[in-house]
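The sequence and the model are shown first, and the description follows.

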Amino acid sequence: MLFFTQCFGAVLDLIHLRFQHYKAKRVFSAAGQLVCVVNPTHSLKYVSNRHAVGQTSMEQGSLHSHHPLERVHDPQLIPCMCPLFSCQWEGHVEVVVSHLRQTHRINILHGAEIVFLATDMHLPAPTDWIIMHSCLGHHFLLVLRKQEKYEGHPQFFATMMLIGTPTQADNFTYRLELNRNQRHLKWEATPRSVLECVDSVISDGDCLVLNTSLAQLFSDNGSLAIGIAITASKVHAAEAEM
């Protein structure tokens, strides 16, 4: 009975996911946009950080009589930019995409305009929805996070970051759009570089911010559809044509 119950639950989850995908395709097919259903992931980064702090304190207590080891750090190396985990990986910006795909299993969508369909918006914070977006010869990281900025008051934060340098990021503009029941909400900005850290972007509020009631107005059965469009600046587009 337990086996059949688990199998039946898995089948229901699959049917629910396919139904959500079908509804999103039906809504956005007229615009010719690619729909990606993104499941939530509970962030383990904060738990890992607390564990790391405790472990570091223990190591410092046991090694206080030893001389510290000097570590030579390559300034061209950057840490892992995945906001879900406390990852100790470091590498050059050119290999960040392959690290995110192979180690953290983050998918890539291709196309100038896509629809990001985040499921299960009711889950408690902290929760993240993440996808990589490839267009205009570059890769972007879209992060939707549910987080309690104030205790007992969760909010949703959505931002697009270029996997590249801040100078490269200045050449692009991204747009996030929400549409439902004759309501329309749009956020347009220059993407930030992943070198600037997702956490700092969210803490600064330099992103699309939704409180719970506003997110519910645009959600459909616990799923939130966000239209994404990325364009190049006129100067960058002219250089590309040359």
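A nonpolar core is a set of buried Ala, Val, Leu, Ile, Met, Phe, Trp, Tyr and Cys residues joined through side-chain atoms within 4.5 Å; buried means under 20% relative accessible area, exposed over 50%, and partly exposed in between, with a 1.4 Å probe and protein chains only. The model is predicted, so local features need pLDDT of at least 70 and side-chain atom pairs count only at pLDDT 80 or more, while totals for chains, interfaces and linings use all residues. Residues are numbered from 1 along each chain as its sequence is written, and side-chain values use heavy atoms, with hydrogens and water left out.

**Nonpolar cores**

The largest nonpolar core has 31 residues, and Phe116, Trp129, Leu144, Leu176, Ile226 and Ile228 have the most contacts inside it. A second, separate core of 21 residues includes Leu100, Met132, Phe157 and Val201. Leucine 144 is in contact (heavy atoms within 4.5 Å) with residues beyond four places in sequence, among them Phe116, Trp129, Phe156 and Ile226.

**Aromatic pairs**

Rings of Phe, Tyr and Trp (its six-membered ring) pair if their centres lie within 6.5 Å; planes under 30 degrees apart count as stacked, over 60 as edge-to-face and the rest as tilted. The whole structure holds two aromatic pairs. Tryptophan 129 and phenylalanine 156 form a tilted pair, 6.4 Å centre to centre with 45° between the planes. Helices (H or I, at least four residues) and strands (E, at least two) are DSSP runs, numbered from the N terminus. Because tryptophan 129 lies in strand 7 (residues 127-135) and phenylalanine 156 in strand 9 (residues 153-162), the pair ties together parts that are 27 residues apart in sequence. Tryptophan 129 is buried at 0% relative accessible area, and phenylalanine 156 is buried at 3%.

The rings of phenylalanine 140 and phenylalanine 172 have centres 5.4 Å apart and planes at 85°, so this pair is edge-to-face. Phenylalanine 140 in strand 8 (residues 138-150) and phenylalanine 172 in strand 10 (residues 172-180) are 32 residues apart.

**Salt bridges**

A salt bridge is a side-chain nitrogen of Lys or Arg within 4 Å of a carboxyl oxygen of Asp or Glu. The count comes to seven salt bridges; the table lists examples.

| Aspartate 128 | Arginine 145 | 2.8 Å |

Aspartate 128 and arginine 145 are both buried, whereas aspartate 199 is partly exposed, with a relative accessible area of 25%. Aspartate 204 is exposed at 55%, while arginine 192 counts as buried at 17% relative accessibility. Arg192, Glu196, Asp204 and Asp206 are linked in a network of salt bridges.

**Serines and cysteines**

Serine 193 lies in strand 12 (residues 192-193) and is buried, with a relative accessible area of 0%. Leaving aside residues within four places in sequence, the contacts of serine 193 include Met161, Gly164 and Pro166. Serine 134 in strand 7 is buried at 14% relative accessible area.

A disulfide is a pair of cysteine sulfur atoms within 2.5 Å, and the count by this rule is zero. Cysteine 87 is in no disulfide; the nearest cysteine sulfur, that of cysteine 80, is 3.9 Å away. Cysteine 87 counts as partly exposed at 24% relative accessibility, as does cysteine 197 at 32%.
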